[in-house]
Amino acid sequence: MQKFACIFSFKMSNWVSCQKIVFNLHKSYQLNPKLELLNFNFSHSQTSGEIVETAQAIVMARPDALVILDHQPHPLPLLQIVLPMLGTKKPRIIFHVFGDFTLFYAQWDKLAQLLRGYEVDFIVASDRQKHLLDKFLPTPLSAHVCPFPVDPHEFSYNPALRKLQRQEWGLKENDFAYVYTGRLSRQKRTHTLLRSFSDFLEKSKSTNAHLFLYGNTDHIGDQFVGIWETEGEYFRKINRIYKSFSAEVQARIHFMGSVPNAELKTVYQGADMLVNLSVHNDEDFGMSVAEAQCSGLPSILTDWGGLASFQHESLPEVTTFIPVKIGEKSKLIHYGKILQAFDKTFEKGHLKNRREISEVALARFSVEASSKTLAKIIKKDPNSFTGFSSFFEKVLRHVIFANAPYLTESKTINKLYREIYSSYVRNP
Amino acid sequence: MYEILKEQFKSGKSLTQSKYYSTVKRELWPKFFWDLYPLAQEYYHELNPYFLFNLYRPEFFKFTPVITVRDGYVPFANFLLNNFQNFSKLDSNVFLIHPELAPIIPEPLKKHFGAWNIVQKKQLTLQTAKKVIIFGFVCDQYLGEADDFMKCFSALKEIHPDTPVELYLPIRKNVLDLNGKESLAIHHLMDVLKDLLPGRKFKILSTETFFSVSNFKDCYVFDLALDKFYVSDNYLHYYLQSRGATVNNDSHLVAPKDSIFSLDLSIHHELHVGPLPEVKNIFTELLFYKKQNTFVKDFNFDATFQGMLRNLLKKHP
């Protein structure tokens with residue numbers, strides 16, 4: 001029996017998708033009978049004294065491994081206290097790395113100095129995130145992949161709910177419901193989704209396609225490419241776009257606001273297709289897509305970052321990918337292909353194999369599947385950490401000394417950004 | 001006015017836009033702005049929502065033809081007393097104010113002003129809400145006299161006995177006060193809340209917890225503000241209504257009949273612009289006070305002025 005110290009914020013994360021991830025990861029570890037889990041709270045709201053207390057409790061527990069389950073707060077302040085106190089018994093350290101790795105270079109750099117000589121594993125949620133992270137790791141260290149898990153008790157095929165949801169939406173049997181769940185955000189390309197759906201409706205003259213958007217607007221902007229936003233700015237942008245549509249189109253686009261995650265279970269049953277056009281810099285996976293697919297919902301997705309994980313060899317028709325490339329000034333989505341995807345999926349109509357979609361997705365993304373993957377990772381001999389790669393050093397230098405590290409003087413996307421984020425596109 | 005609003009809307013230009021962030025030197029804003037957290041955070045819409053007390057250069061008044069005024073009645077009265085004689089020099093065409101500030105507009109300047117109102121078509125009541133949050137910026141100036149709490153907050157008795165009640169009560173000093181006297185408001189307030197809602201278990205919210213919630217659709221937020229002393233456009237109301245909450249801020253259920261222009265502030269609430277309401281004017285009283293008290297340099301911090309203004313507005317709502 002190995003003793004694993006699981007370190008995470010007992011309080012839910014501000015990021016809705018991350019709320020689920022951490023607790024589901026924990027469930028995956030819990031399923032492993034060879035592990036004794038000890039839980040330690042490390043959260044933003046803790047005082048310095050409380051962090052010291054947590055650190056002391058971890059050291060006293062003499063764990064075989066420290067598992068950093070959460071992405072926030074960054075583990076640096078805690079490990080700065082824990083690691084020097086550990087003495088000769090050096091536990092293995094397992095980091096679950098999220099999409100925000102690229103926002104915290106300075107913290108990782110400082111942590112690297114403490115990690116030297118420790119056996120360290122970095123676990124990411126998708127192949128593309130692995131490709132990205134491996135650039136920062138020294139050979140022979142390489143990240144492991146374990147998708148963020150979905151709890152089948154929360155998201156699985158449940159046709160009984162479909163009728164209820166469609167009644168609530170006021171849809172008829174032959175209506176086709178596209179759904180987007182997540183933040184309404186510039187990097188999630190909500191504006192492109194609205195425009196393309198409107199163009200699709202106008203061109204196809206379809207009278208029974210609807211788009212339901214669940215989520216609140218944010219004001220994150222796209223700071224890596226020099227776009228900042230004030231609260232309300234992005235809402236006004238998409239509201240102006242929406243108001244520019246004809247009354248007929250407006251009547252088919254439904255802004256539903258934010259709902260509790262549990263309500264999405266019914267939403268995914270009622271819907272016919274998930275659409276997610278994200279080109280977010282942190283798009284290491286796509287928790288909402290995983291939950292939707294485990295509910296049996298097919299999807300139209302941008303071929304960007306971790307969203308590429310949602311391709312299934314046995315059911316290729318389940319996911320339609322929209323090509324993305326890193327352009328001069330921003331990430332570019334192939335607009336024509338979005339329209340084609342709407343056309344094709346609408347023409348095809350309701351899929352009959354939703355149970356199968358759910359089963360295929362759960363086989364890869366369920367808590368149980370994730371538990372097996374983690375067990376395999378744990379079984380492997382970890383490598384000793386020697387520091388991050390020279391590429392990491394290069395990026396760090398730029399990030400420290402430049403106001404806009406990813407932009408050229410003429411405000412176009414620079415080589416450094418492309419070197420990092422080429423991992424997120426298919427044919428860089 | 002409609003044409004000016006339309007032109008402003010089309011341009012969308014606002015000092016709060018991120019592209020103008022570095023144009024404004026926030027270190028030159030009055031210090032009390034920072035003490036107003038979380039009432040006064042910046043947000044954007046095309047009619048340029050801004051605090052006049054933050055416009056530290058005349059050029060900013062010329063930046064756009066429209067400003068949606070966010071100031072409460074104390075800083076707004078201070079602004080008028082300082083600028084009414086040279087108002088034309090500000091060169092801003094339209095100021096949009098909350099209707100409750102209308103009594104203090106000098107008659108000759110009325111042509112420069114319009115009124116904004118909030119419309120929220122779906123609203124809950126204290127009885128029908130699934131959750132009630134009681135909010136107060138806990139200091140004397142925001143809440144008023146402790147002796148009046150029971151009467152002012154008596155509506156809270158309407159909350160259904162099974163409805164959970166949460167308290168978000170950040171404790172603050174009196175922001176517009178030179179004396180910095182110790183406030184006992186929180187103690188009086190808790191006494192009153194316990195009397196109004198006997199036997200209730202309150203969940204106390206920290207700022208972090210409060211802002212970590214993204215869905216307030218079934219929630220009624222009862223703001224304990226006595227009136228619009230500091231701000232007339234409270235950021236917290238914007239934040240909550242954007243996420244579906246109902247707030248006791250007299251938002252209309254339908255568009256006012258005299259609304260000439262509107263825009264959506266969120267999927268849940270709208271801003272409507274119309275003419276100033278016809279109300280009794282009290283500016284002459286303010287002017288008289290100014291002439292009698294020539295030594296007062298800043299009416300924002302004059303307790304006598306604040307008290308007089310509060311009473312005058314109460315008398316002539």
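What follows is a chat about side-chain contacts in a predicted model.

Trainee: What should I know before reading the numbers?
Mentor: This is a predicted model, where local features need pLDDT of at least 70, side-chain atom pairs count only at pLDDT 80 or more, and totals for chains, interfaces and linings use all residues. Residues are numbered from 1 along each chain as its sequence is written, chains are lettered from A and ligands numbered from 1 in the order in which they are written, and side-chain values use heavy atoms, with hydrogens and water left out.

Trainee: OK, how many aromatic pairs over all chains?
Mentor: There are 87. Rings of Phe, Tyr and Trp (its six-membered ring) pair if their centres lie within 6.5 Å; planes under 30 degrees apart are stacked, over 60 edge-to-face, and the rest tilted.

Trainee: Why is the pair A:F197 and A:F342 edge-to-face?
Mentor: Because the planes are at 70°, with the ring centres 5.5 Å apart. A:F197 is in helix α7 (residues 190-204) of chain A and A:F342 in helix α12 (residues 335-348) of chain A, 145 residues apart. Helices here are DSSP runs of H or I, at least four residues, and strands are runs of E, at least two, numbered from the N terminus.

Trainee: Is A:F197 buried or exposed?
Mentor: A:F197 is buried, at 0% relative accessibility. Buried means under 20% relative accessible area, exposed over 50%, and partly exposed in between (1.4 Å probe, protein chains only). A:F342 is also buried, at 0%.

Trainee: Switching topic: which ring does the charged end of A:R240 sit over?
Mentor: The ring of B:F9, 4.5 Å from its centre. The rule wants NZ of Lys or CZ of Arg within 6 Å of the ring centre and within 35 degrees of the ring normal.

Trainee: What is the N to O distance for A:D222 and A:K331?
Mentor: 3.1 Å. A:D222 is in the loop between β8 (209-214) and α8 (233-243) of chain A, and A:K331 in strand β14 (residues 331-333) of chain A, 109 residues apart. A:D222 is buried at 1% and A:K331 is buried at 2%.

Trainee: What about chain B, where does B:D35 go?
Mentor: B:D35 forms a salt bridge with B:K173, the closest N and O atoms being 3.9 Å apart. B:K173 is exposed, with a relative accessible area of 51%.

Trainee: Which residues do shared partners join into one network?
Mentor: A:K20, A:K27, A:D151, A:E154 and A:E291.

Methods:
A salt bridge is a side-chain nitrogen of Lys or Arg within 4 Å of a carboxyl oxygen of Asp or Glu.
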